[in-house]
Amino acid sequence: MDRVNELKESILAQVAEYYRLVHAKEEPFDEASSRVNYAGRVFDEREMINLAEASLEFWLTAGKWAARFEKGLAEYLGCRHALLVNSGSSANLLALMALTSPLLGERRLRRGDEVITVAAGFPTTVAPAVQYGAVPVFVDTDLQGNIDPALLEQALSPRTRAVMAAHTLGNPFRADLVRAFCDRHGLWLIEDNCDSLGSKLQGRFTGTFGDIGTSSFYPPHHLTMGEGGAVYTSDALLRKIMLSMRDWGRDCWCEPGCDNSCGCRFSRQFGELPPGYDHKYVYSHFGYNLKATDLQAAVGCAQLEKLTQFTARRRENFDRLREGLRDLEEFLILPEAAPDSEPSWFGFLMMLRHGKRNEFARCLEDNRIQTRNLFGGNLTRQPCFGALEKGREYRIVGELKNTDRIMNDSLWVGVYPGMTAQKIDYMIRVIRRCFLT
Ligand SMILES: Cc1ncc(COP(=O)(O)O)c(C=O)c1O
């Protein structure tokens, strides 16, 4: 065993050294040639050591690292349960599908029921509802891309069962008002928190106002494990349903590699199965396999320790950029934090007052500053919606004027923790030049 420990220590020490030699080197910023990416992984030797440790253990599937990550994430957010999944899109799928569980009785979401949402954003906030056969009902957003709570009453119908919307680019939507609307009408609330982990509204983390919150851990996001995501909830029944649906739909809750956690594996009666049918192979839902691996979770554990520091860096970068562009208000609508919020900014959204977004994008990209649109713009104008029948398979409430404006006139740049003050100052100079010369 001593030899094993010796080997392990030596491998991990070498991994740390490898990190220092290969990854820790900071390229000096050169205005004439450096790129300013909108996002990227930020890590140190801890992530690589955890990953090496998990690979030496060779458990491969979800195990102790996944359990540690789930516990840590739930503690960070101040909610009861978190479940690790393999992407943010899987988290959204799991959250929405959880609402269809028969265990929820009369409140369950059925095909043809309506889910209020917005069209400005990422497609997989909406895709699970469409895939299930529920009807997304789109209301307009504010100019920051967030759901406008004043439009919710108009969107309500006897078939409304849920609201599912994202906090856009780290800026919280008014989850307090949306929650109150849901409570008044007995609706579920799912917060797509994929771009907002660490943001707070009224002192409380986004993702914890609703029945379920979701996260993405794809590299640009607030923390990364390459591919990964999570669902979180404080509701024990929703956790049970999501655990079942994440893990093939099974009724049993044994961890991978474990048997008989319930203590009655061969002694119960389920449905019309023979008495004592092995609980391991009893399915209470039509599920998926959305699990992530311990290798991913090991990286996530190291990232989670950095999350508070990442959030602070995102805020500092945002404030510096905003301050440097303050007097461009004549050309640009700059991002505004929601009232009583502390966003963990995912990006810096700028809307051009007089159009010409693509020219602005070109001006930035020509100067090696990476830009992004607000994802799918107005999703209802995407080719995938061409296959759906408006009015029956999706509804639009009023006009999506701000959503269209975001699609036509806005773009965003990065403020991620790897962005240096030098890069921010360079962006400020270039953006000013794009308008003032
Ligand atoms: C708001 C939002 N929801 C969901 C997702 C999907 O996450 P993933 O890429 O991990 O599937 C993204 C992706 O960036 C997103 O921005």
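Lys306 sits in the loop between helix H9 (294-304) and helix H10 (307-325). Helices here are DSSP runs of H or I with at least four residues, strands are DSSP runs of E with at least two, and both are numbered from the N terminus. The model is predicted, so local features need pLDDT of at least 70, side-chain atom pairs count only at pLDDT 80 or more, and totals for chains, interfaces and linings use all residues. Residues are numbered from 1 along each chain as its sequence is written, and side-chain values use heavy atoms, with hydrogens and water left out.

Is Lys306 buried or exposed? Lys306 is buried, because its relative accessible area is 10%. Buried means under 20% relative accessible area, exposed means over 50%, and partly exposed is in between (1.4 Å probe, protein chains only). The areas come from the Shrake-Rupley method with a 1.4 Å probe, and for residues only the protein chains shown count as cover.

Leaving aside neighbours within four places in sequence, Lys306 is in contact with Asp44, Arg46 and Glu47. Contact means heavy atoms within 4.5 Å. With Glu47 there is also a polar contact, side chain to side chain, at 2.8 Å. A polar contact is a pair of N or O atoms within 3.5 Å; within protein, one must be able to donate a hydrogen and the other to accept it, and residues adjacent in sequence count only if both atoms are side-chain atoms.

**The ligand site**

Which residues come nearest to the ligand? Of the 15 residues around it, the nearest are Gly88, Ser89, Asp192, Asp195 and Ser216. A residue counts as near if one of its heavy atoms lies within 4 Å of the molecule.

| Residue | Atom in the residue | Ligand atom | Distance |
|---|---|---|---|
| Gly88 | backbone N or O | oxygen | 2.8 Å |
| Asp192 | polar side-chain atom | nitrogen | 2.7 Å |
| Ser216 | polar side-chain atom | oxygen | 2.7 Å |

The protein covers 91% of the 390 Å² of accessible area that the ligand has on its own. Helix H4 (residues 88-98) gives the most to the shell around the ligand, with 3 residues.

Leu94 belongs to helix H4. With a relative accessible area of 0%, Leu94 is buried. Not counting residues up to four places away in sequence, Leu94 touches Val85, Val231, Met242, Met245, Arg246 and Leu290.

Asn193 lies in the loop between S5 and S6. Asn193 is also buried, at 0% relative accessible area. Beyond its neighbours within four places in sequence, Asn193 is in contact with His167, Thr206, Gly207, Thr214, Ser215 and Tyr232.

**Helix H7**

Which residues of helix H7 (residues 175-185) are buried? They are Ala175, Asp176, Val178, Arg179, Phe181 and Cys182. An α-helix has 3.6 residues a turn, so residues three or four places apart point the same way. The buried residues of H7 pack against strand S2 (114-118), helix H6 (152-155), strand S4 (160-166), strand S5 (188-192) and strand S6 (200-201). After H7 comes Gly186, with a positive phi near 65 degrees.

Gln202 is in the loop between S6 and strand S7 (204-205). Its phi is positive, near 50 degrees, in a residue other than glycine. Gln202 is partly exposed, at 38% relative accessible area.

Lys356 is in the loop between strand S12 (347-352) and helix H11 (357-366). Phi of Lys356 is positive too, near 65 degrees, and again the residue is not glycine. Lys356 counts as exposed, because its relative accessibility is 61%.

**Two partly exposed residues**

Asn358 is found in helix H11. At 46% relative accessibility, Asn358 counts as partly exposed. Its side chain makes a polar contact with the side chain of Arg357, at 2.9 Å. Asn358 and Ser410 are 52 residues apart in sequence, and 9.1 Å apart in space, C-alpha to C-alpha.

Pro219 lies in the loop between strand S8 (212-216) and strand S9 (229-233). Pro219 is partly exposed, with a relative accessible area of 23%. Not counting residues up to four places away in sequence, Pro219 touches Gly40, Arg41, Thr224 and Gly226.
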